[in-house]
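Student: I have a model open here and would like to go through how it is put together. Could you start with the terms we need?

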Amino acid sequence: MSKMFRKIGAVALAGSFVFALAACGDGNDEPAADDASAESPMTEAPATDPTVVAHDFEFETPDTWAAGEQTIAFENEGEEPHEMVLIALDEGKTFEDVMAVIEEDPNAKPPSWVTIIGGNGAGPGQTAKKPTTADLEAGTYVLACFVTSKANDDQPHAALGMVKEITVA
């Protein structure tokens, strides 16, 4: 794990965070005919209780999550161990700012403008066992994996592209 986010990974793994499977709906996926607030087919509503699926070396999850209390599942479909660290960015900071830090020095200390919300890890083909819930405020978040890859010169997975921007609305 890189030095930059060793603390982040330790917080995420030591807390045994993450996140349970998405909640089931009531089975009625059709909006009422007179429901003016129904989403158009071209507009996706922010995901509630999203699932994050790890692959070697990317995350699969909706780009936009709903604000408020969320329970998030983490599944590892990759062949290496992975973690999901959910990071909130201070106002005015962007995904590009995170990428610049990772690209400049993946072993740097975490910048002061990030806040760790939670996370968890799972071995290849496993699902994180202990769920956690996070109360998410609207803003920009980043998912990142800082496990190092022995097959890739011990680079942190984030340096190999395992970073994803999430908008919470």
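Tutor: Helices (H or I, at least four residues) and strands (E, at least two) are taken as DSSP runs and are numbered from the N terminus. This is a predicted model, in which local features need pLDDT of at least 70 and side-chain atom pairs count only at pLDDT 80 or more, while totals for chains, interfaces and linings use all residues. Residues are numbered from 1 along each chain as its sequence is written, and side-chain values use heavy atoms, with hydrogens and water left out.

Student: Which strands make up the open sheet of 5 strands?

Tutor: That sheet has the order E3-E12-E9-E6-E7 with mixed pairing, where two strands pair if DSSP finds at least two bridges between them. E3 and strand E7 (114-122) each have a single partner strand, so one side of each is left without a neighbour in the sheet. Within the sheet, E9 and E12 run antiparallel and are joined by 6 bridges, and leucine 143 stands opposite lysine 164 in E12.

Student: What lies across E6, E9 and E12?

Tutor: Helix H2 (residues 95-104) does, running at about 160° to E12; axes here are lines fitted to C-alpha atoms, for helices over the stretch in contact, and angles run from 0 to 180 degrees between N-to-C directions. Contact means heavy atoms within 4.5 Å.

Student: And the open sheet of 3 strands, what is its order?

Tutor: Its order is E2-E1-E5, again with mixed pairing, and the edge strands E2 and E5 (73-76) each pair on one side only. Neighbouring strands of this sheet are turned by 25° against each other on average, with direction ignored. E1 and E2 pair in the antiparallel sense over 3 bridges, and histidine 55 has glutamate 58 in E2 as its bridge partner.

Student: Switching to packing, which residues of the largest nonpolar core touch the most other members?

Tutor: They are Val52, Phe59, Trp65, Phe74 and Leu143, out of 22 residues in that core. A nonpolar core is a set of buried Ala, Val, Leu, Ile, Met, Phe, Trp, Tyr and Cys residues joined through side-chain atoms within 4.5 Å, and buried means under 20% relative accessible area, with exposed over 50% and partly exposed in between (1.4 Å probe, protein chains only). The largest share of this core, 3 residues, comes from E6.

Student: What does leucine 143 touch?

Tutor: Not counting residues up to four places away in sequence, leucine 143 touches residues including Val52, Phe59, Trp65, Met84, Lys164 and Ile166.

Student: How many salt bridges does a search of the whole structure find?

Tutor: It finds 1 salt bridge, defined as a side-chain nitrogen of Lys or Arg within 4 Å of a carboxyl oxygen of Asp or Glu. The side chains of aspartate 63 and lysine 164 meet in it at 2.6 Å, N to O. Aspartate 63 is in the loop between strands E2 (58-60) and E3 (64-65), whereas lysine 164 is in E12 (residues 163-168), 101 residues apart.

Student: Is lysine 164 buried or exposed?

Tutor: Lysine 164 is buried, with a relative accessible area of 15%, while aspartate 63 is partly exposed at 49%.
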